[in-house]
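Subject: Structure handover

Hello,

Here is the structure for you to open. Please look at it alongside the notes below.

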Amino acid sequence: MKNLIQLFQLVDSSLPVGGFVFSMGMESAIKSKLLQNESDLKRYLVAYTDQLISFEFPYVEAGHTLVNESNKWDALTLAYKAMLMNPNLEKSALVLGKNWTRLLFSLYKNDDVNTLKKQLETKKTPLYFPIIFGMFMATLNINKQEARSMILYAALRDQVTALTRLGVVGPMGGQSLLTYVLEKSEKKNLLYKTIPYQKATKSAYMMEIAQLNHYKIYSKLFQN
């Protein structure tokens, strides 16, 4: 694995991108009593993993593949937007994408990154997080499997961080949950076969129902 220290930095929880703030409806699911015990939490996190793999992975890989084909970015971002019927999810994807873009442009100044910056600004491409993440990973010479592992780990860590922040689990309990779901998720990641982004699918509809109410609970925190 190349650039190991760089990978550590990019998945570090101190990286100020705000993923822990919008926890994809975790707060709403708890308040709605969809999650009441450890078994519920495990099932929820496994379902969340499956949703990441079936929906987000194709767009991460598409961003990675098409980073140097800006003529195809419009179709890619329009397809992603069309799948985001929940306005909270679109907002979170844009905010996280904007945060990642601002942060990585400030950290890396090489020619490839500067070229990507100019193209994004010229085309006024919507900064949807999974697509932008894939583009940046390609620009930093991080391969697709490593990129998938990174986004999977960061997303699951942020879910567990939210649970700890809410007092649902303690630090040790949170790490136990994270270990459980990471073991399952990495096996799925290793078995993942690339599919076109046009065939990305969603499966966790109860999760999306919970996400619809998220803004009523933590809207001010999310805005910050």
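**The largest pocket**

α1 (4-10), α8 and α9 (171-191) each supply at least two residues of the lining of the largest pocket. α8 contributes the most, with 5 residues. The pocket has a volume of about 210 Å³. It is lined by 13 residues, and Val11, Glu146, Ser149, Met150 and Tyr153 are the closest to its centre. By class, that lining has 9 nonpolar, 2 polar and 2 charged residues.

Before the rest, the ground rules. This is a predicted model, where local features need pLDDT of at least 70, side-chain atom pairs count only at pLDDT 80 or more, and totals for chains, interfaces and linings use all residues. Residues are numbered from 1 along each chain as its sequence is written, and side-chain values use heavy atoms, with hydrogens and water left out.

Terms used here:
- Helices are DSSP runs (H or I, at least four residues), numbered from the N terminus.
- A pocket is an open set of points on a 1 Å grid over the protein atoms alone, with protein on both sides within 12 Å along at least five of seven lines; a cavity is a set where a 1.4 Å probe fits but cannot get out; lining residues have an atom within 4 Å of a point.
- A volume is the space filled by probe spheres set on the points, which are joined across faces, edges and corners.
- Ala, Val, Leu, Ile, Met, Phe, Trp, Tyr, Cys and Pro count as nonpolar, Asp, Glu, Lys and Arg as charged, and the others, Gly among them, as polar.

**The cavity**

How many cavities of 30 Å³ or more does a search of the whole structure find? The search finds 1. About 490 Å³ of space lies in the largest cavity. Its lining has 35 residues, and Met24, Tyr48, Leu96, Phe129 and Ala155 lie nearest the centre. α3, α5 (87-107), α7, α8 and α10 (205-212) each supply at least two lining residues. α8 gives the largest share, 7 residues. The lining of the largest cavity divides into 23 nonpolar, 6 polar and 6 charged residues.

**Helix packing**

Axes are lines fitted to C-alpha atoms, for helices over the stretch in contact, and angles run from 0 to 180 degrees between N-to-C directions. Contact means heavy atoms within 4.5 Å.

Start with α3 (residues 38-65) and α8 (residues 144-165). They pack at an angle of about 145°, with axes 9 Å apart. Contact residues include Leu41, Tyr44 and Tyr48 of α3 and Ala147, Ile151 and Ala155 of α8. By class, the contact has 14 nonpolar, 4 polar and 3 charged residues.

Next, α7 (residues 129-139) and α8. Their axes come within 10 Å and cross at roughly 135°. α7 and α8 are therefore oblique to each other (angles under 35 degrees count as roughly parallel, over 145 as roughly antiparallel, 65 to 115 as roughly perpendicular and the rest as oblique). This crossing is right-handed. Phe129, Phe133 and Met137 of α7 touch Ala147, Met150 and Ile151 of α8. The contact has 6 nonpolar, no polar and no charged residues.

Last, α4 (residues 73-83) and α7. Their axes come within 10 Å and cross at roughly 140°. α4 and α7 are therefore oblique too. Trp73, Leu76, Thr77 and Tyr80 in α4 meet Pro130, Ile131 and Met135 in α7.

Best wishes

Note on methods:
Left-handed = near helix turned anticlockwise from the far one by under 90°.
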